[in-house]
Amino acid sequence: MAEVATAAAAPEAQATRARPGPLTRIVRSALRWLGVLPFGVYVALGLGAPTVAIAIAAFQGSNNNAATLSNMDAAVHGTYLTGLENSLELSLVCAILPGIFGLLIAYAIFTAKRGNVLRRVVITASGVFANFGGVPLAFLFIASLSTTGVVTGWISSAHIWNPSDLYDVRGIFLAYLYFQIPLMVLIVLPALEGLRPAWREAAHNMGASNWQYWRYVGGPVLFPSFLGCLLLLFGTSLSAYATAEALTGGTVSLISIQIGALLNGNVIAGQENLGYALGLIMIVIIAVVMILYTFVQRRAARWLR
Amino acid sequence: MATVATAERTTPVRGPAARRRSWPVWRWAILLIAAVYFGIPLYAGLKFAGFKAFTQVTSYPQFGSAFALSLRLALIATVLTLVLMVPTTVYVHLRLPRIRRAMEAITILPIVIPPIVLIIGVLKVAPGFLISTPDLLGLEYVILAMPFAYRSLDSGLRSFDVKTLVEASNSLGAGWPTTLWRVVIPNLRTAILSATVLTVALVLGEYTMASLDNFQTFPVWIVNFEQNSGNVSVAASLLALFVTWLLLMLIVTLGSRTARRRGGAEVTLFSVGTRQITPTVGEAE
Amino acid sequence: MTMNAAAGTEAGGSVQSAAGTGAGAPVVLDSLSRSFGAVRALDGLSLNIAPGELVALLGPSGCGKTTALRIVAGFEYADSGKVTVDGRDVSPVPAAKRDMGMVFQSYSLFPNMTALDNVAFGLRMRKIGAGERTKRATALLDMVGLAPQARQYPHQLSGGQQQRVALARALAIEPRVLLLDEPLSALDAKVRLQLREQIRTLQQRLGTTTLFVTHDQEEALSMADRVGVMKDGRLEQIAAPSELYSTPATAFVAEFVGTMSRIPGNYSGGDEVTVFGRDVPVHGEHASVSAGEVDVLVRPEGLTVEAVAGGNGIVTDRTFLGSLTRLSVLLSGDIAVKVDKTSTAATELLPGTSVQVSIPGTEPVLIAERA
């Protein structure tokens, strides 16, 4: 790549003197793209090919590879429909609740001065906890809330928690909160900080109370970013697999788990294409979420500069 | 203009801004609830596992091979990621700035395609000889690490005026390889280190793809051994968490140090500004 | 939050009926002090602002001028001292209720509202009906020349336009006091000049008492009725611009306002100092200067220069300023001075020319400790 760059640089130095012919220009511009060729190839092979394969297989019959819609059809009916609904519902709840709570936590610390100890602790802790996911998280919750769990022991007398709930959507929800809330704190904090103090002061100067400031200025300006954060949380929650798998052993009805069950080789052959169909559905949903996210972020960026 | 007798003015005048100095109760309440919620599972984990379990972890069967496999994959993934992403990112930054938006979009794709879906696709298209080795995972982890690596390197490149330095270096007679090695990369040290640490943390915690590929990396081992001994699994989990925490602390400290040099910006693992996001390592495994 | 229903009787101003009441309120800053940790930002600042007066606080960054302004606005509190508006102590009054209009340095317009809504915001807070709000806000935007931009959002406006909207917004509430926190620093030179005039014209027409903070001496001198030069939290001198320029009270003021050259001289302790071989009267604060070697501070127009072979200096540089040319001369002893001469007379004084610099001796000079 360095050689290519040198080759491109040298002729360019001379370009100012004589206008190159069209062929040279084409060749030169092709050479320019050479620099990203390795990257392009890697992404095409490692990401593009699998995705295309899934998209194709989703529409193929499991036995004969003939084009069919039966997989996609099965994917939106019966237990798979339930799985999809559960996943969407769970992700929605795991976006909104952590969204609000995370916002409150972020607000609680953002008014503190830069070097404030508590603020730094919360931010660091959030960074750390946001990355506690997957397997270790599942086991911590087992340690807390399973039949022999430590916390279960504490609250068993109060009858508010049935240990078996841990292995169903309720338990997963609690576990997801563990990284969703800190994640929210981290991603909403920059947005909060994008609120210029001059706006707040100008509002007060104009006679607005704190509440009026939030109602007319702070809230509206923050809203696109907040929405963007919720979308990110939604996407993260939907994609999640490891925690739920480690916690429930693959028994809970969520779309990501179902995909795993269909394709981990322990299941009857002949159902794989259904798994690919489910995979395609997931890709589409998350793609939509990410597109919405970019729109929302662009609006947020316009105001929060 | 004459100073009024200060005797009456010794008590500080409580203006409106003064009220903001003390924290309202509700803020403390929220932080307290949060602290409890996040502290309890950690405490429970420690109590559940018991002290002995921690010492037993390393002696458990297959721990060694599983951990070694994870380390090997981490090494492969990290080296490949750096070799692929550093030149590419620098090249795009310097010579193809117009496709930066496309790059950002492409590097978001691994998030759009969740690991669970990615692995099933990979297993479908990969040639037989690759599927039989665990190194396939190493190759795919590069894809998973791409978002962080790109963003880390990209923000590193934005933090100093690359173009000017490169031009200065060239004008002083240095060729491209020298410029890259002596001028660009040294200034990217922190970004490269960040990318490395994030990749390593990602690989060490990755369960989804490894389990579907049927190779026993460390996280897979933890789950497989739950049947035998829950204590040990919990202990191993806590150790894994602790190591991740150390690695992340490393990034934050490094990041803060550079930020302080640049002027006091606070470092988080995210920047939600225009279109940038950097997802987490944990669940996106 | 009473609307200032003053019987604003000012000659002419039909435009005033839209927003102006005519009478600003007198403002008194009384021994304001404030420390941030170990740093003493304000050290007993006292200032009287007459109704309708525009006072500029001028000084380098860190001198406390912005802190003083923010205390008056209510965004900071003072450790000691008080602020009185129209005879009433406003120190315990929260910022939202002080009825002062403030223009911030930049980017203070609410990004989610149009220019019109921004200007009308203060009126909305005062529970004025929508129709009346729109009418008044439009009139104000008209006053600053931005009526066509009423429906545009801040990010669609240029820096200069944004600040004009900010000004209109501050004036919409018919404040008794107008506060301006370096409103022009973020703008480029040409826009700055235009806005300077506009602010001054509006302020005079409406008669609003105004406190203006800036680090740009040209701005302060051209706009203000009086200028207060600040340093380290204290007021060094407050006077009309011409007085500040011609009779600076301290060396700091002299060097901050306009250009000064420092020339070594000999001070015998009395009313005269010896420089360039003659005795020149001394003025200003010199009680703290001990006899002996001192620096004499002279403005470029206070020196004379002639081309003389074997003179006491050599021209090192010349800057054409229009009718005047400013010459940089290096005197023997490595002393750099600046001397103004009419451009027509200065044509032969090119860099490298040997010259004789002298002082007429009729005007009093300022002296300071040898630097």
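I start with a definition: a residue is buried if 20 or more other C-beta atoms lie within 10 Å of its own, exposed if 12 or fewer, and partly exposed in between, with the C-beta atoms placed from the backbone. Helices (H or I, at least four residues) and strands (E, at least two) are DSSP runs, numbered from the N terminus.

The model is predicted, so to speak of a local feature I need a pLDDT of at least 70, and side-chain atom pairs count only at pLDDT 80 or more, while totals for chains, interfaces and linings use all residues. Residues are numbered from 1 along each chain as its sequence is written, and chains are lettered from A and ligands numbered from 1 in the order in which they are written.

Chain C, helix α5. In α5(C), residues 159–172, the buried residues are Q161(C), Q162(C), Q163(C), R164(C), V165(C), A166(C), L167(C), A168(C), R169(C), A170(C), L171(C) and A172(C). That is 12 of 14, so the helix is mostly covered. On length, the expected span is 1.5 Å times one less than the number of residues. For the 14 residues of α5(C) this comes to 20 Å, and the end C-alpha atoms are 20 Å apart, which agrees. Just after the helix, E174(C) has a positive phi of about 50°.

Next, the sheet in chain C. Two strands pair if DSSP finds at least two bridges between them. The sheet is open, has 6 strands in the order β6-β7-β8-β3-β9-β10, and its pairing is mixed. At its edges are β6(C), 100–103, and β10(C), 234–239, each pairing on one side only.

Which residues of β8(C) are buried on its two faces? On one side they are T209(C), L211(C) and V213(C), and on the other T210(C), F212(C) and T214(C). So 6 of the 6 residues of this strand, 209–214, are buried. Strand β7(C), residues 177–181, runs parallel to β8(C) and is joined to it by 5 bridges, with L179(C) partnered by L211(C). Strand β3(C) is also parallel to β8(C), again through 5 bridges, and here L58(C) has T214(C) as its bridge partner. Between β3(C), residues 54–58, and β9(C), residues 226–231, there are 4 bridges, and these strands run parallel. A56(C) stands opposite V227(C) in that pair.

One residue from elsewhere in chain C: A254(C), in helix α9(C), residues 251–256. Why does A254(C) count as buried? Because it has 25 C-beta neighbours inside 10 Å. Two residues are in contact if their C-beta atoms, placed from the backbone, lie within 7 Å. Setting aside neighbours within four places in sequence, A254(C) is in contact with P248(C), M260(C), L297(C) and L366(C). Its C-alpha atom is 24 Å from that of S323(C), 69 residues apart along the chain.

Now chain A. It has 14 helices and 0 strands, and 48% of its 305 residues count as buried. Of its contacts between residues at least 6 apart in sequence, 72% join residues at least 24 apart. In helix α10(A), residues 197–205, the buried residues are W199(A), E201(A), A202(A), A203(A), H204(A) and N205(A). Their cover includes α11(A), 210–239, together with α2(C), 65–73, and β6(C). After α10(A) comes G207(A), with a positive phi near 105°.

Chain B has 12 helices and 0 strands, and 45% of its 285 residues are buried. The contact between chains B and A takes 80 residues from chain B and 78 from chain A. On the chain B side, helix α1(B), residues 25–56, gives the most, with 13 residues. That side divides into 54 nonpolar, 17 polar and 9 charged residues. Here Ala, Val, Leu, Ile, Met, Phe, Trp, Tyr, Cys and Pro count as nonpolar, Asp, Glu, Lys and Arg as charged, and the others, Gly among them, as polar.

Last, confidence. pLDDT is the predictor's confidence in each residue, from 0 to 100. Chain B averages 77, and 79% of its residues score at least 70. The pLDDT is below 50 over residues 1–21 of chain B, a stretch with 32 contacts in the model beyond near neighbours in sequence. It also stays under 50 over residues 262–285 of chain B, where the model has 78 contacts beyond four places in sequence. Where pLDDT is low, the predicted coordinates should not be read in detail.
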